[in-house]
Amino acid sequence: MARQRRHWPIHLVLIAACFVMLVPFYWVLKTSVSGENIFSYPPSIIPRDPHLFYYVDVWYAIPFARYFLNSVVVSVLTIIANVVLNAMAGYSLTQAFAGKQIVLMLFLSCMMIPFQATIIPAYLITGKLGLLDSYLGLALPMFSTIICIFVFKASFDAVPRSLLDAARVDGLSEWLIIWKVMMPLAKAAVATNVILSFIWSWNNFMWPLIATRSQDMQTLPLGLARFISYQEDTTGALYAFCIMVLAPGILLFLLAQKEFVQGLTTGATKG
Amino acid sequence: MSLEEDLARPRWKRWLFNRFVLVPGGIGIIAIVWNAWVFTHNHGTVAGRVVDAKGAPVEGAEVKLWVFNFTTFVEQASTQTKADGSFEFASNPSHNIQLSAEKAGVGRSRIPVRLYFQSEDISLKRPLQLSAAETGK
């Protein structure tokens with residue numbers, strides 16, 4: 001009891017930090033149901049006459065369902081590719097092979113190159129493959145991310161070597177070792193990959209802007225830009241749109257936050 | 001639930017009864033129910049009543065349906081009220097409309113009506129109340 005009482009200053013600071021971090025989200029939510037301009041004075045904490053009609057406006061102002069479907073398809077493709085390819089890459093990095101350190105250094109150094117710097121080659125490659133303005137083309141540059149490869153590597157490194165040796169003695173191929181032995185033990189890494197690849201794919205604006213030509217292939221971030229460009233009074237509807245774009249990501253994070261945190265901290269306390 | 005208890009359950013229960021299935025499943029069910037509701041209530045019917053300043057029904061008032069068209073409201077349809085002051089539109093295509101009513105010598109009124117989906121059937125709870133003040137007299 002006394003120990004719990006000693007923790008109240010920490011809890012107070014944490015509550016204050018939570019409050020500071022959640023206020024912008026609350027403000028977006030409040031504006032989406034009230035339409036009150038952020039510059040209105042005096043500012044009100046509780047929304048005045050809340051309603052959901054701004055969400056209805058957004059739904060009908062643009063082809064929201066089509067953009068949503070596009071974003072979902074691209075995100076699912078990205079998630080599947082990330083889990084499969086990153087697991088294979090992560091597993092290979094746990095093995096000993098000639099030039100492993102060079103590969104690791106190459107991966108680490110490539111993390112410093114911003115995506116904007118690789119957009120032209122990415123566009124040319126996607127164009128040569130004939131994938132521009134297609135779901136596969138929209139997802140292709142995000143099929144594998146180095147950070148997620150290292151998440152898998154850290155998770156696989158934590159698996160005892162004896163388990164791998166036992167699997168090899170039982171006659172499992174390397175491919176089956178990944179899927180039958182490693183992956184069930186790396187659920188946290190899988191969840192981390194799913195969440196990170198989903199959020200990056202879902203929020204991606206630059207690549208879909210470049211890779212899409214038809215309106216039917218646009219994703220939600222492009223829809224948001226389009227919505228802002230031709231709506232005049234957008235205060236409430238714009239914030240409602242933001243909530244509609246953010247909600248799936250927040251929901252996925254809340255669903256898998258336990259595994260996500262585990263995945264990020266795997267290997268952090270090793271040794 | 002501990003890990004041991006979780007593993008003791010049948011595999012199909014573990015696959016089916018977890019938050020990754022239940023939450024999207026719940027959202028899916030809500031979406032299906034909502035779409036069923038929309039499908040059965042989207043005939044575009046807008047009904048209401050027109051009364052004067054004292055609350056008495058107004059017969060023969062002209063009621064207009066205005067539909068939001070990108071930036072402004074444009075007239076979609078018009079009708080006359082019956083003896084009991086009631087009116088009805090049968091083909092509202094929009095979710096953001098205005099209703100105006102006017103009768104010479106009695107007054108006029110105009111109200112915004114927001115709907116939850118396009119062509120939602122609605123019966124106005126409050127009547128349009130004509131007032132001379134709005135005619136500018």
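This is a predicted model: local features need pLDDT of at least 70, side-chain atom pairs count only at pLDDT 80 or more; totals for chains, interfaces and linings use all residues.
**Exercise 1. Work out how helices H13 and H14 of chain A are arranged, and which residues meet between them.**

Step 1: Find the two helices. H13(A) covers residues 220–230 and H14(A) covers residues 235–265.

Step 2: Look at their axes. They come within 11 Å and cross at roughly 180°.

Step 3: Name the arrangement. Angles over 145 degrees count as roughly antiparallel, and H13(A) and H14(A) are therefore roughly antiparallel to each other.

Step 4: List the residues that touch. From H13(A) you get A:Leu220, A:Leu224, A:Phe227 and A:Ile228, and they meet A:Leu238, A:Phe241 and A:Val245 of H14(A).

Step 5: Sort them by class. This contact has 7 nonpolar residues, with no polar and no charged ones.

**Exercise 2. Describe the open sheet of 4 strands in chain B, and say which strands stand at its edges.**

Step 1: Read off the order. It goes E3-E2-E5-E6, with antiparallel pairing.

Step 2: Check the ends. E3(B) (72–80) and E6(B) (107–114) each have a single partner strand, so one side of each is left without a neighbour in the sheet.

Step 3: On average, and ignoring direction, neighbouring strands are turned by 20° against each other.

Step 4: Zoom in on one pair. E2(B), residues 62–69, pairs with E3(B) in the antiparallel sense over 8 bridges. In one of the pairings between residues, B:Val63 has B:Thr79 in E3(B) as its bridge partner.

**Exercise 3. Look at A:Asp49 and B:Ser119: where is each found, and is it exposed or partly exposed?**

Step 1: Most residues other than glycine have a negative phi.

Step 2: Take A:Asp49. Its phi is near 45°, a positive value, and you'll find A:Asp49 in the loop between H2 (8–34) and H3 (53–61) of chain A. With 8 C-beta neighbours inside 10 Å, A:Asp49 counts as exposed.

Step 3: Now B:Ser119. Its phi is near 65°, positive too, and B:Ser119 sits in the loop between E6 and E7 (122–123) of chain B. It has 18 other C-beta atoms within 10 Å, so B:Ser119 is partly exposed.

**Exercise 4. Describe the side of chain B that touches chain A.**

Step 1: Count the residues. 10 residues of chain B are in contact with 6 residues of chain A.

Step 2: Find the main contributor. Helix H3 of chain B (residues 19–40) gives the largest share of chain B's side, 3 residues.

Step 3: Sort chain B's side by class. You get 4 nonpolar, 4 polar and 2 charged residues.

Definitions and conventions: Residues are numbered from 1 along each chain as its sequence is written. Chains are lettered from A and ligands numbered from 1 in the order in which they are written. Axes are lines fitted to C-alpha atoms, for helices over the stretch in contact, and angles run from 0 to 180 degrees between N-to-C directions. Angles under 35 degrees count as roughly parallel, over 145 as roughly antiparallel, 65 to 115 as roughly perpendicular and the rest as oblique. Two residues are in contact if their C-beta atoms, placed from the backbone, lie within 7 Å. Ala, Val, Leu, Ile, Met, Phe, Trp, Tyr, Cys and Pro count as nonpolar, Asp, Glu, Lys and Arg as charged, and the others, Gly among them, as polar. Two strands pair if DSSP finds at least two bridges between them. A residue is buried if 20 or more other C-beta atoms lie within 10 Å of its own, exposed if 12 or fewer, and partly exposed in between; C-beta atoms are placed from the backbone.
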